[in-house]
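Okay, thanks for making time, everyone. Let me put the structure up, and then I'll talk you through the parts I'd like us to look at together.

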Amino acid sequence: EKMPAYKVYYFNARGRAEPTRLLLAAAGVPFEDVRFEVEKWPEYKPKMPMGQAPVLEVDGTMICQSAAMARFVARETGRAGKTNLEMAQADMIVNGVSDMINIMIDYHYSEPDETRKAEKKKKFFDTTLPQFLGHFEKLLVANNGGDGFFAGDGLTHAETFFLCLYESISKENPNVLSAFPKLAALV
Amino acid sequence: MPSYKLTYFNVRGRAELIRLLFATGGIPYEDVRIGRDKWPELKPKTPMGQIPILEVDGQVYCQSMAIARFVAREAGLLGESSSDQARADMLLDGGAEVGELLKEVVLEKDASKRAEKKKEFSEKSLPHFLTLYEGFANDSGHFVGESLTWADISFFNMMDFLTAEFPSALEGYDKLNKIIENVKSNPGIAKWLKERPVTDH
């Protein structure tokens, strides 16, 4: 059976494409990693289903929305969870992590006022993020004691999303997981 | 059959899609609605300090979209192939983005700012979204394949909220109107729409 041809379109950054790239890499699936500079974006934009990136192209079909892309690749590579309940566990983590990523993107890119930006960032790192890391740690521990994965007994798209969040937050604070031993071990 | 218990406030909000999906699938569940005063007690018992939550034989799940996807899968409304499912996911996520923009309009307390945001939404974001989605809909009034999926139901739910603010939003969008009709005429949904508690949002 012929392997489908995968193409990931995004800017030259990890950003919202990285969870999908990581899943393809984890499965050893070759893909064309198309990265364009910001100036080239107007050329690509009209070809994208919703005028946004990232986009995953599979044998010509284009799928946008980073979680939809990642979940598709996770399913195709057998890493989406084995039962409906495991899939829900993985999805729940992905959504919680995405909420955190969206807060960061919001203050970083959408807040024009420097003071408000600093305020939002402080609130995120002092309050919101530690709260959610606490929730994620608890959920990880609830799955077989926390020495494995978020859902079932293998890597799913939950891990790739969490890893991308970790890469962003650890840049700001390298010790961000010091109070969360199981999450730190997972990373 | 597993026992399902959904807990949320007594509003449609982030739980209504889930309720619609249970109704479409004819799946019985406990529709628990708590008063705001009961929330502080419940909050620490939830996986991420938020509701809605769904309890399935005692296991607790959070994140409304994760729960909705779970129920859609149980009800056979996800889409048949993996690419159908990805298409449904992408359309849902795109809709959710616009839903967030709508929320920003509705929740704006300053009257003049609100009017500004409402104008911008109705002149830019909304027509852009509806035109895009009219293009995604097929002639039979479905977003994915030729039968009802959660993509259609989610769109219906979103329009339910949106038309409260913008009553004539869907005028002229033939295929989108067909989608709404297809959803409303599903027997499980028709029954739920008649019976559900009437709430502000």
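**The second largest pocket and what surrounds it**

Let's start with the second largest pocket, and with the make-up of its lining: by class there are 9 nonpolar, 4 polar and 2 charged residues. Keep in mind throughout that this is a predicted model.

How much space is in there? The second largest pocket holds about 280 Å³. It has 15 lining residues, and those closest to its centre are A:Met92, A:Leu139, A:Ala142, B:Gln59 and B:Val60. So which elements bring in at least two lining residues each? From chain A you have helix H4, residues 84-110, and helix H5, residues 114-142, and from chain B you have strand E4, residues 59-62.

Okay, let's follow that chain B strand into its sheet. In chain B, 4 strands make an open sheet with mixed pairing, and the order is E2-E1-E3-E4. At the edges sit E2, residues 30-34, and E4, each of them pairing on one side only. Going from one strand to the next, the twist averages 20°.

Just as a reminder, strands in a sheet pair through backbone hydrogen bonds, parallel or antiparallel. Here E3 of chain B, residues 53-56, runs antiparallel to E4(B), with 4 bridges between them. If you want a pair to click on, B:Ile53 has B:Cys62 in E4(B) as its bridge partner. And what packs on this sheet? Helix H3 of chain B, residues 64-74, does, and it touches E1 (4-9), E3 and E4 of chain B, with its direction at about 40° to that of E3(B).

The E3(B)-E4(B) hairpin has 2 residues between its strands, and there B:Asp57 takes a positive phi near 45°. On the other pairing, E1(B) and E3(B) are antiparallel as well, joined over 4 bridges. Look for B:Lys5 there: standing opposite, in E3(B), is B:Glu55.

Now bring chain A back in.

In terms of contacts, chain B puts in 30 residues and chain A puts in 29.

How many cavities of 30 Å³ or more does the structure hold? There are 2.

The largest cavity has about 40 Å³ of space. Its lining is A:Arg71, A:Arg75, A:Ala80, A:Met87, A:Asp91, A:His157 and B:Arg73. By class, the largest cavity is lined by 2 nonpolar, 1 polar and 4 charged residues.

The second largest cavity has about 30 Å³. Around it are A:Arg75, B:Arg69, B:Arg73, B:Leu78, B:Gln85, B:Asp89 and B:Trp150. Here H3 and H4 (82-107) of chain B each contribute at least two lining residues. The class count for the second largest cavity is 2 nonpolar, 1 polar and 4 charged. While you have both on screen, pick out A:Arg75 and B:Arg73: they line the largest cavity, and they also line the second largest cavity.

Last stop, the chain A sheet. Chain A has an open sheet of 4 strands, ordered E2-E1-E3-E4, with mixed pairing. Its edge strands are E2, residues 31-36, and E4, residues 61-64, each pairing on one side only. The twist from one strand to the next averages 20°.

E3 of chain A, residues 55-58, is antiparallel to E4(A), again with 4 bridges. One bridge pair to find is A:Glu57 with A:Met62 in E4(A). And lying across E1 (6-11), E2 and E3 of chain A is helix H1, residues 18-26, which runs at about 150° to E1(A).

Okay, that's my tour. Over to you.

Conventions:
Residues are numbered from 1 along each chain as its sequence is written. Chains are lettered from A and ligands numbered from 1 in the order in which they are written. This is a predicted model: local features need pLDDT of at least 70, side-chain atom pairs count only at pLDDT 80 or more; totals for chains, interfaces and linings use all residues. Side-chain values use heavy atoms; hydrogens and water are left out. On a 1 Å grid over the protein atoms alone, a cavity is a set of points where a 1.4 Å probe fits but cannot get out, and a pocket is an open set with protein on both sides within 12 Å along at least five of seven lines; lining residues have an atom within 4 Å of a point. Grid points are joined across faces, edges and corners, and a volume is the space filled by probe spheres set on the points. Ala, Val, Leu, Ile, Met, Phe, Trp, Tyr, Cys and Pro count as nonpolar, Asp, Glu, Lys and Arg as charged, and the others, Gly among them, as polar. Two strands pair if DSSP finds at least two bridges between them. Axes are lines fitted to C-alpha atoms, for helices over the stretch in contact, and angles run from 0 to 180 degrees between N-to-C directions. Contact means heavy atoms within 4.5 Å.
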